[in-house]
Amino acid sequence: MKIFLAAAGLLLSLTSCSVSVPGVKSVGANEFEKLMQNGDLQLLDVRTAEEFAQGHIPGATNIDVQQPDFLEKAQAALSRKRIVGIYCRSGKRSMRGAEILNKAKFTVVNLQGGIIEWQDAQKVTEE
């Protein structure tokens with residue numbers, strides 16, 4: 001029974017959307033928006049092109065984290081001198097992208113809860 005509970009706990013922690021990555025800060029929609037308003041962020045949406053077309057945060061660049069050339073495209077499009085504000089649908093893929101970018105020496109802030117949290121907070125999106 002103890003082994004089952006330990007395995008279940010491990011599985012839940014691996015599938016959780018609140019995954020943390022050392023060196024990457026996750027913030028809620030209000031703090032993310034404040035960083036945007038200060039001009040501190042270059043926005044990166046790591047969802048698919050189809051998801052991006054259905055609605056995204058204004059000014060975001062779309063690079064699908066699931067594509068093998070994600071890092072190459074990100075390095076070409078983003079500056080290491082500015083913070084990358086990264087998001088996806090719910091926060092899981094963006095943490096994967098944040099980890100990749102962090103290892104490549106980018107400073108990254110993740111939108112906790114992704115665009116779902118952004119829209120729930122009634123923040124502006126565009127198609």
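View 1. Buried here means under 20% relative accessible area with a 1.4 Å probe, protein chains only. The model is predicted, so local features need pLDDT of at least 70 and side-chain atom pairs pLDDT 80 or more, while totals for chains, interfaces and linings use all residues. Residues are numbered from 1 along each chain as its sequence is written, and side-chain values use heavy atoms, without hydrogens or water. A search of the whole structure finds one aromatic pair (ring centres within 6.5 Å, using the six-membered ring of Trp). Here it is: Phe32 and Trp118 sit edge-to-face (planes over 60 degrees apart), 6.1 Å centre to centre with 85° between the planes. Phe32 lies in helix H2 (residues 29–37) and Trp118 in helix H6 (residues 114–120), so the pair ties together parts 86 residues apart in sequence. Helices are DSSP runs of H or I, at least four residues, and strands are runs of E, at least two, numbered from the N terminus.

**View 2. The largest nonpolar core, with 18 residues.** Such a core joins buried Ala, Val, Leu, Ile, Met, Phe, Trp, Tyr and Cys residues through side-chain atoms within 4.5 Å. Leu44, Val84, Ile86, Leu101 and Val108 touch the most other members. Helix H4 (70–77), strand S4 (83–87) and helix H5 (92–103) each give two or more residues, and H5 has the largest share, three residues. A second, separate core of 14 residues includes Phe52, Ala60, Tyr87 and, once again, Trp118.

**View 3. Where H4 meets H5.** Phe70, Leu71 and Ala74 of H4 make the contact (heavy atoms within 4.5 Å) with Gly97, Ile100 and Leu101 of H5.

Conventions. Rings of Phe, Tyr and Trp (its six-membered ring) pair if their centres lie within 6.5 Å; planes under 30 degrees apart count as stacked, over 60 as edge-to-face and the rest as tilted. Buried means under 20% relative accessible area, exposed over 50%, partly exposed in between (1.4 Å probe, protein chains only).
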